[in-house]
Amino acid sequence: MTVASPPRLRDHCLAPERIDAPASAAGRYGRMFDLPALDSDEAMLHRIGAAGGFCDGGDCKDHSNVEAGWPFFGQYVAHDLTADRSPLRAHTDLAALHNMRSPRANLEVLYGGGPVGSPYLYARDDPAKLLENDGDLPRNHEGIALIGDPRNDVHVFMSQVQVAFIAAHNRLVDRLREDGADEADLFDEARRALTWHYQWLIVNDLLPTLAGDELVDEVLDTGPRWYRPSGDPFIPVEFADAAYRYGYSQIR
């Protein structure tokens, strides 16, 4: 008895318009400013991070209005933008740091290289869909999660965010089938729709919550004031290793 091979969808490595693989020269870090090294009162930093301190709710616990889930969604976004796999000794040399993600909010941590580039993420009998596992992440026989970024299984909050994105993509595939979409287009169209929803959430909810509506509106109206790369986009270390770390203080 001959078993037919499952259909393979055409794959554009995440998007028809994408030409920058994560390992390309575009995957880099850079600086926006020439700043001196941080010099802080270490005792004060310990008090901020201690149990009952500011980062643990502390004297601001009655004034916090940030939903508990947003810091974890923000962590997911961070994993989608940056992945520093450089050895520790290279961290003193900015040019030696390599970002294994493209600096775009494109759900690379969800889709990997697509059904052809990362087939282990997808259902063999329906390659337009990501693998599911009854409320948990899909795993191999060693219990290792089959996902685009292992950091999204470091704790239950992140793993459940990943589960939610997997389910959202697969439901979009179902909806497209119901609407009569061509089988060859299912993956690309579902990916595009979910990515647009994800980007909408970042611009219209996450960023206003973090930075305020006024600043977000200003950037959308007039463009960035400080981040103006002359060539390929890059991840500023002032963002990745400083400003965006603010999100950790939101987790009570």
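**Notebook: salt bridges in the predicted model**

I looked up Lys129 and found it buried, with a relative accessible area of 16% (buried means under 20%, exposed over 50%, partly exposed in between, with a 1.4 Å probe and protein chains only). I note that this is a predicted model, in which local features need pLDDT of at least 70, side-chain atom pairs count only at pLDDT 80 or more, and totals for chains, interfaces and linings use all residues. Residues are numbered from 1 along each chain as its sequence is written, and side-chain values use heavy atoms, with hydrogens and water left out.

I then examined the partner of Lys129: its side chain forms a salt bridge with that of Asp174 at 2.7 Å, N to O. Lys129 belongs to strand β3 (residues 126-130) and Asp174 to helix α5 (residues 156-178), so the pair ties together parts 45 residues apart in sequence. Helices (H or I, at least four residues) and strands (E, at least two) are DSSP runs, numbered from the N terminus. I found Asp174 partly exposed, at 25%.

I next checked Arg171 and Glu132, whose side chains meet in a salt bridge of 3.1 Å, N to O. This pair links distant parts of the chain, Arg171 in helix α5 and Glu132 in the loop between β3 and α5, 39 residues apart.

Arg192 is buried at 17%, whereas Glu189 is partly exposed at 35%.

Terms used. A salt bridge is a side-chain nitrogen of Lys or Arg within 4 Å of a carboxyl oxygen of Asp or Glu.
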